[in-house]
Amino acid sequence: MRVANLSGRTVLVDGDRAVDVHTASAGRFGPDPAAVYAEWPAFADWARTVSGTAAGEAFDSRDLGAPSPAPSQVFAIGLNYRDHAAETGLDAPDAPPTFTKFASCLTGPDTDLALPTDTVDWEVELVAVIGREATGVAADDAWAYVAGLTVGQDFSERTSQMAGPAPQFSLAKSFPGFGATGPWLVTPDEFTDRDDLAIACEIDGETVQSGRTAQMMFPVAELVAHLSAVCTLRPGDLIFTGTPAGVGVGRTPQRFLVPGNVVTSRIEGIGSLVQRCVPGPR
């Protein structure tokens, strides 16, 4: 099933129609998209009984918001694709390098992106959304704790990222709008192979990143196990799982986003994000 945030209300998406969850459940589940994850197992059981059977209404994709708009934690993984590590001149890691994107940067799938500097880069990523509290979870059991998958774009301001004696990954990746997610959450049972999905990013129609999530050195299940060994993962939390090669900073000459660019991020079986670059405050 596909679960979305439509104008601040939780909906089930069936093709081009949306079913309002609060209405269809006769109030059993509230309208707040952030709240549904606290009841995810019960919600998912209910939603499967109505998916494809309830009448929905047409909707405008511009009204979609972040599928999990208020996570308590946002984890992000660096260098999870060997080709991306190579393009940045770094060795492949032995364990997942982890940082955070502050939740205030999260936005929906169809937005304007204000560029704060001339060195903003792109990173398309698969994002896993947690559906059950997870502590010390084994990799073999990890998918049972994942509510679903969505598309993410980990925009990165490279100047502030590399400023100072220590890199500022979290801050440089948390400007407003730098955490685009959507267009909806897709539950793992929707995929033929949830660990092998085509992933790509385009700028003005030109493909700049193209790969498959099977190329991740640390797949979703291993990331859930690794992170839950340290932190308690909570319902609604996000894991940005890393990006394949093709980012601007790894090119010769380096390339960054400029006003007027349109960034499209796609993942097979989920959908796409569209961000239109506009001048930001300087």
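Helix H2 supplies five residues to the lining of the second largest pocket, the largest share from any element. The model is predicted, so local features need pLDDT of at least 70 and side-chain atom pairs count only at pLDDT 80 or more, while totals for chains, interfaces and linings use all residues. Residues are numbered from 1 along each chain as its sequence is written, and side-chain values use heavy atoms, with hydrogens and water left out. Helices (H or I, at least four residues) and strands (E, at least two) are DSSP runs, numbered from the N terminus.

- A pocket is an open set of points on a 1 Å grid over the protein atoms alone, where a 1.4 Å probe fits, with protein on both sides within 12 Å along at least five of seven lines; lining residues have an atom within 4 Å of a point. Points are joined across faces, edges and corners, and the volume is the space filled by probe spheres set on them.
- Its lining has 16 residues, with Trp40, Arg48, Ala144, Val146 and Ala147 nearest the centre.
- H2 (40-50) and S12 each give at least two residues to this lining.
- The lining divides into nine nonpolar, two polar and five charged residues. Here Ala, Val, Leu, Ile, Met, Phe, Trp, Tyr, Cys and Pro count as nonpolar, Asp, Glu, Lys and Arg as charged, and the others, Gly among them, as polar.
- Trp40, Phe43, Ala44, Trp46, Ala47 and Val50 are the buried residues of H2; buried means under 20% relative accessible area (1.4 Å probe, protein chains only).
- These buried residues pack against strand S1 (2-6), strand S2 (9-14), helix H1 (21-24), S12 and strand S14 (179-186), where contact means heavy atoms within 4.5 Å.

**Largest pocket**

- The largest pocket has a volume of about 380 Å³.
- It is lined by 22 residues, and Leu79, Thr88, Leu90, Gln161 and Phe169 lie nearest its centre.
- Helix H3 (82-87) and helix H4 (158-161) are the elements that give two or more residues to this lining.
- By class, the lining holds ten nonpolar, seven polar and five charged residues.

- All seven residues of strand S11 (124-130) are buried.
- Val124, Leu126, Ala128 and Ile130 point one way from S11, and Glu125, Val127 and Val129 point the other way. In a regular strand the side chains alternate between the two faces of the sheet.
- S11 runs antiparallel to strand S12 (146-154) and is joined to S12 by seven bridges; two strands pair if DSSP finds at least two bridges between them.
- S11 also pairs with strand S17 (238-240), antiparallel, over three bridges.
- Val129 stands opposite Gly148 in S12 and has Leu238 as its bridge partner in S17.
- In helix H6 (220-228), seven of nine residues are buried, namely Val220, Ala221, Leu223, Val224, Ala225, Leu227 and Ser228.
- The buried residues of H6 pack against strand S6 (74-77), strand S7 (98-100), S11, S12 and S17.

**Five-stranded sheet**

- An open sheet of five strands has the order S9-S19-S18-S15-S16, with mixed pairing.
- Strand S9 (110-115) and strand S16 (206-212) are the edge strands, each pairing on one side only.
- Strand S15 (198-203) and S16 run antiparallel and are joined by six bridges; Ile199 has Gly211 as its bridge partner in S16.

Technical notes. Buried means under 20% relative accessible area, exposed over 50%, partly exposed in between (1.4 Å probe, protein chains only).
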